[in-house]
Amino acid sequence: MRVFVADGKVVSSLTRRPRPGGYLASVSQGGTIEVNQDHLQVADFCSRMALDLRAEWMCVDWLMTDSGPVLNEWSTAHGGFTMMPEPELGKVADAFFGWIRGRLDAGAARR
């Protein structure tokens, strides 16, 4: 599951699942994407990580196991969300491009 965090708040998440009988959750390998509320299990962790790292935009990937979520990786770079269904796609895109606009505006204000 990839959780999208903007300004310390969870915006949304997407869960990738492998094709039946497969183990790769890549959509190009036959996996699927779904939007659900799984991120509620890790929302506090994601927000705290972003705040502690001072990351204004962050993607946190979790492996969802029978024993609970396991942190896989995090990135302060753009994380793929273009295959998300609406309205989640719009929410994440607005947060991401809003964050970029804020950074550009802050840079222009310093000049």
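Predicted model: local features only at pLDDT ≥ 70, side-chain atom pairs only at ≥ 80, totals over all residues.
View 1. With a relative accessibility of 75%, R54 counts as exposed. D7, which is likewise not a glycine, has a positive phi of about 50° and is found in the loop between strand 1 (2-6) and strand 2 (9-17); its relative accessible area of 52% makes D7 exposed, because exposed means over 50%. Most residues other than glycine have a negative phi, and most peptide bonds are trans.

**View 2. The peptide bond between E86 and P87.** This bond is cis, with omega about 5°, and P87 belongs to the loop between strand 5 (68-75) and helix 2 (88-110).

**View 3. The salt bridge between E34 and R17.** The side chains of E34 and R17 meet with an N to O distance of 3.2 Å, and the pair links distant parts of the chain, E34 being in strand 3 (residues 32-34) and R17 in strand 2, 17 residues apart. E34 is partly exposed at 31% relative accessible area, and R17 is partly exposed at 36%.

**View 4. The salt bridge between E56 and R103.** The side chains of these two residues meet at 3.4 Å, N to O; because E56 lies in the loop between helix 1 and strand 4 while R103 lies in helix 2, the pair ties together parts that are 47 residues apart in sequence. E56 is partly exposed, with a relative accessible area of 31%, and R103 is partly exposed, with 39%.

Key:
Residues numbered from 1 in each chain as written. Heavy atoms only, no water. Helix = DSSP H or I, 4+ residues; strand = E, 2+ residues; numbered from the N terminus. Buried < 20%, exposed > 50% of the residue type's maximum accessible area, 1.4 Å probe, protein only. Salt bridge = Lys/Arg side-chain N within 4 Å of Asp/Glu carboxyl O.
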